[in-house]
Amino acid sequence: MLDAAARRLIDAPLNRLGRALARRGATADGVTLAGLGLGLFSAALIALGAPGWALWPLLASRLADGLDGAVARATRRTDWGGYLDIAADFAFYGAVPLAFVLADPAANGAAGGFLLAAFYFNGTTFLGYAILAEKRAMQTSAQGIKSLYFSNGLLEGTETIGFFVALCLWPGWFAPMAWGFGALCYLSGSLRLIGARAAFRG
């Protein structure tokens with residue numbers, strides 16, 4: 001819901017930094033993998049019981065997630081790069097809830113399982129929509145220039161990053177926050193299904 005507004009604020013500085021990194025030899029794929037590594041390191045810190053320390057590599061990983069596209073625009077965009085980017089995003093998004101479950105299975109297991117199932121459903125509606133949009137040659141740049149069709153939703157990357165930051169700041173509230181965010185993910189995916197029915201039924 002907030003991604004389009006966020007892109008208007010961050011695209012210009014990200015593009016400048018992306019061009020600077022490209023001049024120094026950085027590649028978009030390398031930035032994507034660095035971001036994934038930082039995200040998984042953040043998840044490892046959470047699993048080890050240090051969510052406060054995990055906040056910093058988590059934020060750095062999301063900066064890298066924005067920069068890989070900026071580097072690609074400054075050099076050469078490829079379908080592989082877009083594919084790698086979305087795969088890395090989904091790996092990161094799943095690792096954080098799993099880390100909270102591993103940190104305290106008794107307190108967080110049920111809520112974490114529900115949240116991961118909600119992510120799975122919401123992600124499926126997102127990727128399925130992208131496939132059908134590509135089949136129909138649909139295009140959008142509302143969330144920036146992407147390799148995939150990014151359908152909007154109630155919860156997008158901006159909201160998910162904010163949610164993860166909140167989890168790191170208040171880890172004792174993981175269970176109620178996970179139940180609530182998971183329910184919103186199911187709502188977001190359901191609304192996308194309704195939109196897909198209107199867009200693709202004919």
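Helices α2 and α3 are roughly antiparallel to each other. The assignment follows from the angle: the two axes cross at roughly 165°, and angles over 145 degrees count as roughly antiparallel. The structure described here is a predicted model. In this model the axes of α2 and α3 come within 8 Å. In its handedness, the crossing of α2 past α3 is left-handed. The contact between α2 and α3 was also sorted by residue class. It divides into 16 nonpolar, five polar and two charged residues.

Helix α3 covers residues 51–74, and helix α6 covers residues 157–169. Their axes come within 8 Å and cross at roughly 160°. Therefore α3 and α6 are roughly antiparallel to each other. Their crossing is left-handed. From α3, the contact is made by P51, G52, A54, L55, L58, L59 and R62. From α6, the partners are I161, F164, V165, C168 and L169. By class, this contact of α3 with α6 has 10 nonpolar residues, one polar residue and one charged residue.

A further pair is formed by α5 and α7. Helix α5 spans residues 105–135, and helix α7 spans residues 174–200. These helices pack at an angle of about 20°, with their axes 8 Å apart. That angle makes α5 roughly parallel to α7, because angles under 35 degrees count as roughly parallel. The crossing of α5 past α7 is left-handed. The contact of α5 with α7 has 25 nonpolar, nine polar and one charged residues.

Empty space inside the model was examined next. Rolling a probe the size of a water molecule over the atoms shows where empty space is left. The count comes to one cavity of 30 Å³ or more. The largest cavity has a volume of about 50 Å³. Its lining consists of V31, T32, G35, L36, S61, R62, A64, D65, D68, D85, A88 and D89. Helix α3 gives the most, with five residues. By class, the lining of the largest cavity divides into four nonpolar, three polar and five charged residues.

Terms used
Residues are numbered from 1 along each chain as its sequence is written. This is a predicted model: local features need pLDDT of at least 70, side-chain atom pairs count only at pLDDT 80 or more; totals for chains, interfaces and linings use all residues. Side-chain values use heavy atoms; hydrogens and water are left out. Axes are lines fitted to C-alpha atoms, for helices over the stretch in contact, and angles run from 0 to 180 degrees between N-to-C directions. Helices (H or I, at least four residues) and strands (E, at least two) are DSSP runs, numbered from the N terminus. Angles under 35 degrees count as roughly parallel, over 145 as roughly antiparallel, 65 to 115 as roughly perpendicular and the rest as oblique. A crossing is left-handed if the near helix is turned anticlockwise from the far one by less than a right angle, and right-handed if clockwise. Contact means heavy atoms within 4.5 Å. Ala, Val, Leu, Ile, Met, Phe, Trp, Tyr, Cys and Pro count as nonpolar, Asp, Glu, Lys and Arg as charged, and the others, Gly among them, as polar. On a 1 Å grid over the protein atoms alone, a cavity is a set of points where a 1.4 Å probe fits but cannot get out, and a pocket is an open set with protein on both sides within 12 Å along at least five of seven lines; lining residues have an atom within 4 Å of a point. Grid points are joined across faces, edges and corners, and a volume is the space filled by probe spheres set on the points.
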